[in-house]
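Open the model in a viewer and keep the selection tool at hand. The stops below can be taken in order.

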Amino acid sequence: MADKQISLPAKLINGGIAGLIGVTCVFPIDLAKTRLQNQQNGSRLYTSMSDCLIKTIRSEGYFGMYRGAAVNLTLVTPEKAIKLAANDFFRHHLSKDGKLTLVKEMLAGCGAGTCQVIVTTPMEMLKIQLQDAGRIAAQRKLMPETVAAGTVETKSPTAMQLTRELLREKGIAGLYKGLGATLLRDVPFSIIYFPLFANLNNLGKRGVDGPAPFYVSFVSGCVAGSTAAVAVNPVDVIKTRLQSLNRGSTEDTYSGVTDCIRKILRNEGPSAFLKGAYCRALVIAPLFGIAQVVYFLGVGEFILSFLPKKDN
């Protein structure tokens, strides 16, 4: 199948549709993950994912669980499209010279993870500020001792306000704060995820060249996604901390990846790097399961089939 031509527009459509469906389904769990990862010793509001979601609904209403969803839904289409299409592109070209070995699969995943941070970093930067705003507001009401004296409660900013503020104060670099940590998370994630998914999916294929049933692709995506998510969770905690701009008065601030690792180990212990791990697994598993089903069903190819074909 190495000589099979891939349709980049179709892959982009598949990735975009998959991202929209997946994010809509799992966004509340992603919000809980961000808030659990951000809370530090001495300012713990939430004891678990369910506790976080219950308290969020009580204090912010049902739609409070979807803070930052607009940013995610807007940017997840290009993000997932780039990730899935880039991996497909690299696998296609790396297989031209022979069998697609595990090393080549990992290289393709590395390329995909590197490409996606162009969109992932600003998306995560904005999303985290919006998701975590509710936690800071709740701290102000329930744990006023953790908020600096004289701090005035302000209305939660919008994504556009945050973008304008960051661009005005720090330029384009403001939107790319945490780029290094994002690379450290997304590149290993893709190196683990794509080869694992491909090999699990191959186990369920019908014959040598036959496609795997959609449920095999779904389960393979879920297993590979959750495995990769838990494996890189420590870096995700670091990335979340570095990209959070607002903090309580008792919470640490960080100057970079090394400083963040040192302070977390010293003040919270190694277990802090696993904060939100099960939430992240619950987010990533269906997200990539859905993505792979849409991708392998060829929804993009189906849509493009209705477009008029150019005469050669």
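This is a predicted model: local features need pLDDT of at least 70, side-chain atom pairs count only at pLDDT 80 or more; totals for chains, interfaces and linings use all residues.

Residues are numbered from 1 along each chain as its sequence is written, and side-chain values use heavy atoms, with hydrogens and water left out.

Select residues 12-29 and then 281-307, which an unreviewed UniProt entry labels "transmembrane region". Such annotations may be inferred rather than shown by experiment. Residues 12-29 are 100% helix, with end C-alpha atoms 26 Å apart. Residues 281-307 are 85% helix and 0% strand, and their end C-alpha atoms lie 38 Å apart. Helices here are DSSP runs (H or I, at least four residues), as are strands (E, at least two), numbered from the N terminus.

Next, show Glu124 and Lys127, whose side chains form a salt bridge at 3.1 Å, N to O. A salt bridge is a side-chain nitrogen of Lys or Arg within 4 Å of a carboxyl oxygen of Asp or Glu. Both residues sit in helix H4 (residues 102-142), 3 residues apart. Glu124 and Lys127 are both buried, meaning under 20% relative accessible area (1.4 Å probe, protein chains only). They belong to a salt-bridge network that includes Asp30, Lys33 and Arg185.

Finally, select Glu268, which is buried at 12% relative accessible area. Glu268 forms salt bridges with Lys275 at 2.9 Å and with Arg241 at 3.0 Å. Glu268 lies in the loop between helices H10 (257-267) and H11 (277-297) and Arg241 in helix H9 (residues 233-243), so the pair ties together parts 27 residues apart in sequence.

Conventions. Buried means under 20% relative accessible area, exposed over 50%, partly exposed in between (1.4 Å probe, protein chains only).
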